[in-house]
Amino acid sequence: MNNKEQVIVITGASSGIGEATAHKLAGHGFKVVLTARRMEKLKEIKDTITSNGGEALAIAADVTKVEELHEVVRKTKSKFGKVTGWINNAGLMPLSFVEKLKTDEWNTMVDVNIKGVLNGIEAVLPSLIDNHGGNIINISSSAAHRFFPGGAVYCATKSAVMMLSEGLRQELAPKYGINVTSIEPGATSTELMDTITDEDILEKLSSMKEMTMLEAEDIAEAIYYTLSQPKRVNVNNLYILPSEQQ
Ligand code: NDP
């Protein structure tokens, strides 16, 4: 399918990797649907895309509320006639040491990082099955491969997303031509660390600031590569680390 025929929904499009992906895909002619909770940010990004000649739609939605994601699909079809791909990118990383029992943060990570992905799949899958093809891209993390202190729950959520992606791929790609990809980035310079409240973690992470991290655009490029492949190619996993990350 050529780029102009693709209509891609991006969750968590109001900042970081989602925002960079929206610009990258729109710049290559894809129609993009931006969704997140902060509508003001989405609107600014949409306006920039359209003023550069791209096509975009902004819809406020919380990935923990599946009805809102069904509404995203309805509005996308109403504007662009179809949806051809869905990027489950929304995520949070409030790292903390387990002994601190920050259970509200654990639950939020499960709700957004795991259930939010399942909600996205529930919302989009019937449309992709009807189309006899499409793409689902899930943003997992290098945290799915390696544990780091304070990351017990976060790493568990991202491992779940990576394994879920392989299950989806096995069930959906051969039967329906729906290609499924897990992208596993290492440290990337975004707002992700802003959700950390554990001061001991913040102190530990301050040393990371000396490292040259990935830019959100580097992951957007990987997403563009994935979506540019012919239908016969399923890009299963892309595990991408900053050169300086151990
Ligand atoms: P950002 O914090 O910049 O982006 C996170 C996005 O998720 C925001 O757009 C935010 O939008 C959205 N979001 C959070 N909660 C919800 C919700 N309940 N409903 C809808 N949207 C929500 O971080 P990144 O760009 O880094 O994160 C994107 C993905 O990449 C995440 O899944 C993250 O785990 C993953 N990742 C990031 C890495 C990194 O080092 N940065 C490394 C590996 C993976 P809003 O607040 O407007 O709702």
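**Ground rules.** I am working on a predicted model, where local features need pLDDT of at least 70 and side-chain atom pairs count only at pLDDT 80 or more, while totals for chains, interfaces and linings use all residues. Residues are numbered from 1 along each chain as its sequence is written, and side-chain values use heavy atoms, with hydrogens and water left out.

I place Leu101 in the loop between β4 (85-88) and α4 (103-131). For element names I take DSSP runs numbered from the N terminus, helices being H or I with at least four residues and strands E with at least two. His132 turned up as well, with a positive phi near 60° in a residue other than glycine. His132 sits in the loop between α4 and β5, and I read His132 as exposed, at a relative accessible area of 55%.

**Ligand.** Next I went to the ligand and its shell. I count 29 residues around the ligand, and the closest are Arg37, Asn89, Tyr154, Thr188 and Thr190. To be near, a residue must have one of its heavy atoms within 4 Å of the molecule or strand in question. By class, I get 13 nonpolar, eleven polar and five charged residues in this shell. The classes put Ala, Val, Leu, Ile, Met, Phe, Trp, Tyr, Cys and Pro under nonpolar, Asp, Glu, Lys and Arg under charged, and the others, Gly among them, under polar.

Then I listed some distances between polar atoms. A polar backbone atom of Gly12 is 3.0 Å from an oxygen atom of the ligand. In the side chain of Arg38, an N or O atom is 2.8 Å from an oxygen atom of the ligand. A nitrogen atom of the ligand has a backbone N or O atom of Val63 at 2.9 Å. A polar contact here is a pair of N or O atoms within 3.5 Å; within protein, one must be able to donate a hydrogen and the other to accept it, and residues adjacent in sequence count only if both atoms are side-chain atoms.

How much of the ligand's accessible area does the protein cover? I get 94% of the 880 Å² that the ligand has on its own. These areas come from the Shrake-Rupley method with a 1.4 Å probe, and for residues only the protein chains shown count as cover. I also noted that α1 (16-27) and α5 (152-176) are the elements giving two or more residues to the ligand shell.

**Thr11 and Asn89.** Thr11 lies in strand β1, residues 7-11. I find Thr11 buried, with a relative accessible area of 2%. The side chain of Thr11 reaches the backbone nitrogen of Asn89 at 2.9 Å, and Asn89 is already on my list of residues closest to the ligand.

**Empty space.** Rolling a probe the size of a water molecule over the atoms shows where empty space is left. I used a 1 Å grid over the protein atoms alone: a cavity is a set of points where a 1.4 Å probe fits but cannot get out, a pocket is an open set with protein on both sides within 12 Å along at least five of seven lines, and lining residues have an atom within 4 Å of a point. Points are joined across faces, edges and corners, and a volume is the space filled by probe spheres set on the points.

How many cavities of 30 Å³ or more are there in the whole structure? My search finds one. The largest cavity has a volume of about 50 Å³. Its lining includes Pro94, Trp106, Met109 and Tyr154. α4 and α5 are the elements that give two or more residues to this lining, and α5 gives the most, with three. I sort the lining into eight nonpolar, three polar and no charged residues.

The second largest pocket has a volume of about 230 Å³. It is lined by 16 residues, of which Met1, Gly133, Gly134, Asn135 and Lys231 are the closest to its centre. β5 (134-139) and α7 (216-227) each supply at least two lining residues. By class, I have four nonpolar, eleven polar and one charged in this pocket lining.

How values were computed
Buried means under 20% relative accessible area, exposed over 50%, partly exposed in between (1.4 Å probe, protein chains only).
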